[in-house]
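Subject: Structure for your review

Dear colleague,

Please find below the structure that I am handing over to you.

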Amino acid sequence: MSNRVHKRTEIRGGRVIDPANGIDRITSLFFENGLIVALDNAPAGFEAEEVIDATGQVVCPGLVDLQARMREPGHEYIATIASETQAATKGGITCLLSPPDTDPIIDNVASAELIINRAKKADLARFLPTGALTKKLKGEYISEMASLREAGCVAMSNGDQPVMNTLTMKRALQYAATHDIPVIIRPVDPFLAAGGCAHEGEVADRLGLNGILDAAETIALARDLMLVEETGVQAHFAQLSCAQSVDMIADAQKRGLRVTADVTAHHLHLNEFDTADFNSNMHVLPPLRTQRDQEALVVGLKMGTISAVVSDHRPWEEDDKLVPFPEAEPGVSGVETLLPMVLRLVDNAMFTMNDAIACLTSKPAAIFNLPNGTLSIGKKADICIFNPDEYWDITPENLISLGKNSPFLGWNVKGCVTMTLKSGQKVYQTS
Amino acid sequence: MIRNVLQLNAEKQLKHFLSMEGLKRHHLIEILDTADFFMDYERNRVKKVPLLKDQTIVNLFFEPSTRTRMTFEQAAKSLGANVMNLNISTSSAKKGETLLDTLHNIEAMGADMFVVRHQESGAAHFIAQHTAPGIPVLNAGDGRHSHPTQGMLDMMTIRHFKKEFGPLKVAIVGDIMHSRVARSQIHALTTLEVTEVRVVGPQTLLPSEVEKLGVHVHHDLKSGLDDVDVVIMLRLQNERMDGALIPSEREYFKLYGLTEETLKYAKDDAIVMHPGPINRGVEMDSPVVDGDRSVILQQVTFGIAVRMAVMCLVMGVRPLEMNHE
């Protein structure tokens, strides 16, 4: 491939959308040495060595996904950083955050460095680990957060493991606040959620599935919002699933707390009725809730209470889902469907193209103060080019992730990535 | 919903029997009429009606059961079929074999029908989705979800004693939340359009939105039993109670136990049913179990006829349409 990093390139004729800078027009974008150097007109003396024709396509910043699991280290038999970052680039994603619940757990500098080095070796999407909030994620002792941040962890999180002891949680948040380290919290009351596999409501009642109440999320969220207020920490609440959670976050934001939130693409498009035929790909945590909850999440995103959409990518082997619903491993393969699922919000006439792209670029980047998610002059040329009008079928064969566990199998969706660039290098291109 | 399509063939006739949901009144009536046909044979002391001669029916039980398995076995043998029993809880699940591997292995042995019991809700649907075409699956109980043959034998019992479903008021008392039997009964009763279905129990034993299944909720036994024609008591499933859902069996019996005294709130000719096994002195007082209103043993007898009926229907065998001399 003629893929020298320093190559002077022009992307011509595309609709450039850069929400961070309020740009949405058909124009040219220029980069050199892996950095964006100009928009509209070439800088003096710039002679493009390559011109990428983006006519009819959207040119936007590479997508930023705040939650994706690669299964490496520890579960390479399911998927690897190389396989999943490749799938991510096919989805237009150039920057990923990964939870600390790998094996080994990212609760020490050596583990953080290991994972960062492996991602560098794969050299596809940027891969940013989050560190464990507590040692071994056990919720007993707080981790070496300052050292973990120094090693490259952009935030601290306890992954799927709630910190049950409120005193430990308070101290962890206090310590993070001391060093101005943001924390990511997925609010779950472990007692209320124990053994559950579906939203506790009409459908679970019919199917005889163990339910998980809304309150399993809202009670934990209420506690943690109080602790955020108490400690002043910057907190990001991950994968909200209930209408009431959206109200609680909005209220906290109104009170001036440093609180943000995200939602998964599947919670925006699916609800409890999608579990009604025991389709194990619909077994996700938090569970798919009511239609009212689903609508409230979309509205919350539209209003800006929720600022990012994430894939919550969790690849599984086929066998992990080829079992009865309650026994199936929870989670979806999501990096390749993130963009079309968010673009679907545009077609439903609720979002502008700019709104949709902001939820996947500038807004998630801003939460953690990342330099990504924009096409500003001088920034790295991380770029996603996609055809907004092209349809494709979501099938196991069309997914390159090693996890084929998409809840959207069989859907025909619009929006197809044709090229992904990281620092000006083509890391994905349709053949 | 998709899962309802799963158990019907292109002619909308039963090809698996997984759940009551999605079945129409005429499906249920056909099962009941066919079961009545087998009861007539039974009364005439004809032990075998070899309609499924040389077919192999496999009882695939992932959850321990003696009684249900025996009635399925009895039904299969009465139809002249061969029966294989496989108790997986003590077999391959412990050896790490996946459910699908087990299934395909037994298919390879030449199974013509599966009878499945499994501890997880949705397991019978899962198996029906993965068996070879033309091999019916009968759900003999999956988790808390469904136990449709039990539901049908209960309907047969009710029809036998009450003749018409339309005017009936039915109370189901006890642990609705953990009961696949209750779910099947509720769907069957609403499909057969009885006047009223009530569930009676403390909130801790009721599904959160149970009224959406089309039932009335009562927390008080007396109001729940008031003027009903049928009382169905459920077993208090101790083995399923992983939390403190009731304070004690003593208090449960005091509030929800059926005694000759509390039975007076029901109609004078109300019948009392129980899917078994009974905890005497917990759900029901012994005099009621053994009393003249109790039809619990008749339920068991009807169970074999219902299972024979379902086995025939899913195999496309319709004895009512045949010429009998």
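In this predicted model, the centres of domain 1 of chain B and domain 2 of chain B, taken over C-alpha atoms, are separated by 26 Å. Domain 1 consists of residues 25-146 + 303-315 of chain B, and domain 2 covers residues 148-300. Where the two domains are in contact, domain 1 of chain B contributes 27 residues and domain 2 of chain B contributes 24 residues.

The size of an interface is often expressed as the accessible area lost when the parts come together. Between domain 1 and domain 2 of chain B, the buried area is about 2200 Å², and carbon and sulfur atoms give 58% of that area. On the domain 1 side, the residues that lose the most area to domain 2 of chain B are Arg25(B), Leu32(B) and Arg144(B), which together make up 31% of what that side buries.

Polar interactions were also examined. There are 3 salt bridges across the interface of the two domains of chain B. Glu63(B) forms a salt bridge with Arg180(B), with the closest N and O atoms 2.9 Å apart. Between the two domains of chain B, 10 residue pairs are in polar contact, both residues being at pLDDT 80 or more.

Several elements of chain B give two or more residues to the domain 1 side of this contact, including α3 (67-78), β3 (113-118) and α13 (296-314). The element that gives the most to that side is α2(B), with 10 residues. By type, the residues of the domain 1 side comprise 10 nonpolar, 7 polar and 10 charged.

Yours sincerely,

A colleague

Key: Residues are numbered from 1 along each chain as its sequence is written. Chains are lettered from A and ligands numbered from 1 in the order in which they are written. This is a predicted model: local features need pLDDT of at least 70, side-chain atom pairs count only at pLDDT 80 or more; totals for chains, interfaces and linings use all residues. Side-chain values use heavy atoms; hydrogens and water are left out. Domain bounds come from an automatic or database domain assignment. Contact means heavy atoms within 4.5 Å. Buried area is the accessible area (1.4 Å probe) that two parts lose on being put together, summed over both. A salt bridge is a side-chain nitrogen of Lys or Arg within 4 Å of a carboxyl oxygen of Asp or Glu. A polar contact is a pair of N or O atoms within 3.5 Å; within protein, one must be able to donate a hydrogen and the other to accept it, and residues adjacent in sequence count only if both atoms are side-chain atoms. Helices (H or I, at least four residues) and strands (E, at least two) are DSSP runs, numbered from the N terminus. Ala, Val, Leu, Ile, Met, Phe, Trp, Tyr, Cys and Pro count as nonpolar, Asp, Glu, Lys and Arg as charged, and the others, Gly among them, as polar.
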